Amino acid sequence: WVKRSSRLKWLHNENMESNFKHACGLAIELVSETITSLKRDRSRYDFDTEVAINSLLQHVMVLLNACVKQPLEGIARVGCSCIRHLLFSTGKQLGDHLNVVCRGLADACNGSLEAVHLVLIPFTQPSRLDGGDNGLVRVYARKDTPSAVAKRLNTLTQQVFLNEQQCSQVDIMGKDQIGPAPEDKVEQFMRSYVIAWPADRLSNKPSRVPFSDLVIGLLAHSLLVQTINDLFVGDKHPTTKSTNEFSELLKVLTPQTMSMLLDAVWDSYEVCIAFNHRPGLRYLIQKVGCLNDYIPGLVKQAQKSYITYINTILYLRINVKEQKQEIEADKSTGVKPAEGTYSHAGLSLESIDTSWEGILDTCLKEASCQLCASYSNMYSSQGHSSILKHKPTVNKKSNKKDGSASDDDTDAVQERFSVNDIEHWTSTVVSVLNMYYTLSDEMFSLLLPAIYPSTVELCVNVTDNRVRSVVKSILERVGRIKNVV
């Protein structure tokens, strides 16, 4: 059904879409009830049943991954919702089979970025031309889209590419203040766009990306990253959770599965950063998405993915430490723990060793250093103080006959993007540093080799008072712990 409808582009048929969503939801519910029933009836549960459940879940995840990749909002959303349902409504009954669902979640998260990976190809970092490196990127328009569909896509474009502050400005000014000019709205809201470039003969990758695929893919990606965040941490700060509050679902996940999920979140961050470092591509999206004077980017998603990654690393690291303390306490008192007592985060008693702690510490150090180094370089390479003195507009018409952006246009856009990005990454840096600062003294000391180098990096070029204040607090705390002050 998905493959056939995908080939037919779903024909914008509301009945077909509605019928599919209803059928898909019922199918997932049937799978959940069947697995729950089989798990409860231990007399019928044997090796063959175990294999059958595993195979069933694999097929289900293939279906849901296909839904997530569909360029139709309703189908992509139902794919994300069904994955979430399997995790949080049926997860406790799945047992070890939860690993199949989580690996499918990681695959879906990576697959939802397929359109972004493709559109980055003709724009190598730091590409400044909206026509790509060789000026060969073209945008084709077709008048084949119902007005309601095109309007909804414009709304989703704002949701995906604009940050919270920009979205609030749109809400205050009114939706009519963004999008095509009034005289062009009727015609503009009947168009669909495709970004295309010359195909590489040595590559089998597509050389065209429908704009709707890009927007819907990013929307689904945001929902999947949120699901991973809720699976690991939820809405609580990682430093406030204890082992006793550790997610029941994580107890059955293997380190390999958790690694896949963490890699998916980190890849999300890196892809978003790669997009943001291509001003020419962002300028193209600004025009194709009818975002007027608003600066598009994936800063919001990059921040979300980064915070999820750091939260999860801290969460796992803290719980591993607490679990080791419980084990050592039981050993000292001669108490023999019951089987399965220490199985948090997929870690058996034997697997809790210095290698696992070292992996988490290394991940934390590399992630922190990358963020702080990149943020520091924004000041040194872009000349933050001089940029803030003037904010040139980007609405002037290009003098080029092919309609591409002039050099003045791209220079202005690049400067405005720099200012915009610095302002929003400041809040992320402050949030991460505050996470470190609120750690207990014992945990802060343990993680000091991982967080100290990145903190020192911020002393070089950063002049923002909010960042300097929290850096000062961290360094003072280091001094107190090391008995320097």
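# Reading contacts and burial in a predicted model

Author: Let's start with a pair of side chains: Glu-17 and Lys-21 form a salt bridge, with N and O at 3.8 Å. Keep in mind that the model is predicted.

Reader: Okay, what's the general idea behind a pair like that?

Author: Side chains that carry opposite charges can pair when their charged atoms come close. The cut-off used here is 4 Å between a side-chain nitrogen of Lys or Arg and a carboxyl oxygen of Asp or Glu, and Glu-17 and Lys-21 come in at 3.8 Å.

Reader: How far apart are Glu-17 and Lys-21 in helix 2?

Author: Glu-17 and Lys-21 are about one helical turn apart, because four residues separate them in helix 2 (residues 14–40).

Reader: And is each of them buried or exposed, or partly exposed?

Author: Here you read the relative accessible area: under 20% is buried, over 50% is exposed, and partly exposed is in between. Glu-17 has 17%, so it counts as buried. Lys-21 has 32%, so it is partly exposed.

Reader: How many salt bridges are there in the whole structure?

Author: The search turns up 11. Take Asp-230 and Arg-84, where the closest N and O atoms are 2.7 Å apart. This pair links distant parts of the chain: Asp-230 belongs to helix 11 (residues 211–232) and Arg-84 to helix 4, 146 residues away. Asp-230 is partly exposed at 22%, and Arg-84 is partly exposed too, at 33%.

Reader: Which residue pairs with Lys-287?

Author: That's Asp-130, with 2.5 Å between the closest N and O atoms. Lys-287 is in helix 13 (residues 279–288) and Asp-130 is in the loop between helix 7 (114–120) and strand 1 (138–142), so the bridge ties together parts 157 residues apart in sequence. Lys-287 is partly exposed at 36%, while Asp-130 is buried at 5%. You'll also find a network: Glu-73, Arg-77 and Arg-152 are joined by salt bridges that share partners.

Reader: Let's move to helices. How do helix 3 and helix 4 cross?

Author: Look at the axes and how they pass. For helix 3 (residues 47–68) and helix 4 (residues 73–88), the axes come within 7 Å and cross at roughly 145°. The crossing is left-handed. On the helix 3 side, the contact residues include Val-60, Met-61 and Leu-64, and on the helix 4 side they include Ile-75, Gly-79 and Ile-83.

Reader: What about the outside? Which residues form a nonpolar patch on the surface?

Author: Tyr-452, Val-456 and Leu-475 do, with about 220 Å² of accessible area together. Tyr-452 is part of helix 18 (residues 441–461) and is partly exposed at 37%. As for the chain, its accessible surface comes to about 23,400 Å², and carbon and sulfur atoms account for 52% of that.

Terms used
Residues numbered from 1 in each chain as written. Predicted model: local features only at pLDDT ≥ 70, side-chain atom pairs only at ≥ 80, totals over all residues. Heavy atoms only, no water. Patch = residues over 30% accessible without salt bridge, like charges linked within 9 Å, V, L, I, M, F, W, Y side chains within 5 Å. Areas by Shrake-Rupley, 256 points an atom, 1.4 Å probe, with all protein chains shown as cover. Helix = DSSP H or I, 4+ residues; strand = E, 2+ residues; numbered from the N terminus. Buried < 20%, exposed > 50% of the residue type's maximum accessible area, 1.4 Å probe, protein only. Axes fitted to C-alpha atoms, helices over the stretch in contact; angles between N-to-C directions. Left-handed = near helix turned anticlockwise from the far one by under 90°. Contact = heavy atoms within 4.5 Å.
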